[in-house]
Amino acid sequence: MTSSHDPAVLLGPASDRIRSAQDREALQALERDLLGKSGPVGQILASIPTLPGEERRAAGQRANELKRALEEALQVRRGELEAAALEAERSGAGFDPTLPPAPLERGGLHPVTLVVRDLEDLFTSMGYTVLDGPEVELDHYNFEALNIPKDHPARDAQDTFYCDPEGQLVLRTHTSPVQVRAMEHIVREKLGPPFRAIVPGKVFRNEAVDASHEHTFHQMEGLVVGKDVSVGHLIGAMKTLLRGVFGRDIEIRLRPGYFPFVEPGFELDARCPFCAGGCRVCKQSTWIELLPCGMVHPNVLKAGGIDPEQWSGFAFGLGLSRLVMLRYGIDDVRHLLSGDLRFLEQF
Ligand code: DAH
């Protein structure tokens with residue numbers, strides 16, 4: 001046996017090097033060195049094919065022995081270095097109490113929240129109550145009570161996510177189901193009619209997502225029930241809404257629109273508040289489709305426990321996400337729920 005392959009002889013200098021490694025990186029480099037091909041273990045292994053047959057087994061054992069010893073020494077030193085690092089950290093050395101702290105990041109309100117708060121201020125100042133309803137809704141309220149029976153074609157336009165095998169629980173496709181819930185509540189608690197309410201909230205549709213369609217977006221429902229409520233009242237309320245949002249009078253036009261829960265139903269378009277004709281936002285039509293609305297259908301009043309012979313009302317379904325996009329010039333609805341700080345920090 002050549003002495004250069006004697007584990008005891010090889011281990012000595014290697015252990016010295018390991019013990020004098022001053023940090024983790026140095027130790028890691030050393031480990032690669034010592035256990036690698038050209039290290040002492042590798043050298044023994046490489047020599048095996050050149051040895052006479054009867055010596056090979058012993059050489060193999062020596063290589064293993066040396067490897068184990070080196071690993072152990074490395075492990076011991078690693079432990080020492082870690083303990084020393086912890087000790088140094090705990091001693092507080094290098095801590096400078098005069099350095100300024102890392103700046104505190106200040107959060108901000110989401111653009112949808114900003115617009116909802118403005119609208120709530122505006123509507124509560126006009127005597128409206130702000131209501132809320134469940135996002136996981138019964139088929140009954142989302143469709144049936146709104147005059148949309150099973151197999152009604154209007155259901156195709158509002159495909160949703162069904163939450164139970166029977167199809168009775170759905171993610172609400174609009175805030176309109178809260179119309180009926182509101183009526184039931186008002187009647188049950190003897191708070192009216194008459195009454196006025198708005199319902200801002202999240203709604204869901206099973207649809208292909210693109211720059212102008214999201215599976216989750218925001219609407220704000222409005223409902224007014226009283227004596228002799230007319231289309232004139234509806235128009236007045238909508239003009240006030242737009243003035244509140246855009247800070248000045250906005251010209252509007254009504255087109256007939258079909259929604260099973262209103263009769264007559266309208267699409268209320270607003271003159272694009274950003275241009276006198278032709279721009280990125282309104283795509284040159286200068287009219288923006290913004291506010292579907294109408295006079296509450298007698299069947300819906302009945303579903304809510306209110307006598308349509310005595311009371312009438314109007315309702316509207318403001319596309320809140322749409323309005324937020326308009327107000328801040330956002331060109332892709334997907335930004336709103338992206339949670340992307342690069343977007344959110346702009347508000
Ligand atoms: N719920 C309808 C939708 O999401 C919008 C709507 C239309 C709401 C007319 C209303 C209304 O209150 O009167 O498509």
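The structure is a predicted model, in which local features need a pLDDT of at least 70 and side-chain atom pairs count only at pLDDT 80 or more, while totals for chains, interfaces and linings use all residues. Residues are numbered from 1 along each chain as its sequence is written, and side-chain values use heavy atoms, with hydrogens and water left out.

We begin with helix α10, which covers residues 320-328; helices (H or I, at least four residues) and strands (E, at least two) are DSSP runs, numbered from the N terminus. The buried residues of α10 are L320, S321, L323, V324, M325 and L326, where buried means under 20% relative accessible area, exposed over 50%, and partly exposed in between, with a 1.4 Å probe and protein chains only. These buried residues pack against α5 (111-124), β4 (195-204), β5 (216-226), α8 (231-246), β8 (287-296) and β9 (312-319), and contact here means heavy atoms within 4.5 Å. After α10 comes G329, whose phi is positive, near 65°.

The largest pocket has a volume of about 1,400 Å³. On a 1 Å grid over the protein atoms alone, a pocket is an open set of points where a 1.4 Å probe fits, with protein on both sides within 12 Å along at least five of seven lines, and lining residues have an atom within 4 Å of a point. Grid points are joined across faces, edges and corners, and the volume is the space filled by probe spheres set on the points. Of the 50 residues that line this pocket, S212, F217, E289, G319 and R322 are the closest to its centre. Helix α10 is among the elements that give two or more residues to the lining, and β8 gives the most, with eight residues.

Turning to the ligand, 16 residues are around it, of which H174, S176, R205, Q219 and E221 come nearest; a residue counts as near if one of its heavy atoms lies within 4 Å. An N or O atom in the side chain of S176 is 2.8 Å from a nitrogen atom of the ligand, whereas for the side chain of E221 such an atom is 2.6 Å from a ligand oxygen atom.

Finally, R24 lies in helix α2 (residues 24-35). Is R24 buried or partly exposed? R24 is partly exposed, because its relative accessible area is 46%. Leaving aside its neighbours within four places in sequence, R24 is in contact with L81 and E82.

Terms used:
Polar contact = N/O pair within 3.5 Å; in protein donor to acceptor, adjacent residues only side chain to side chain.
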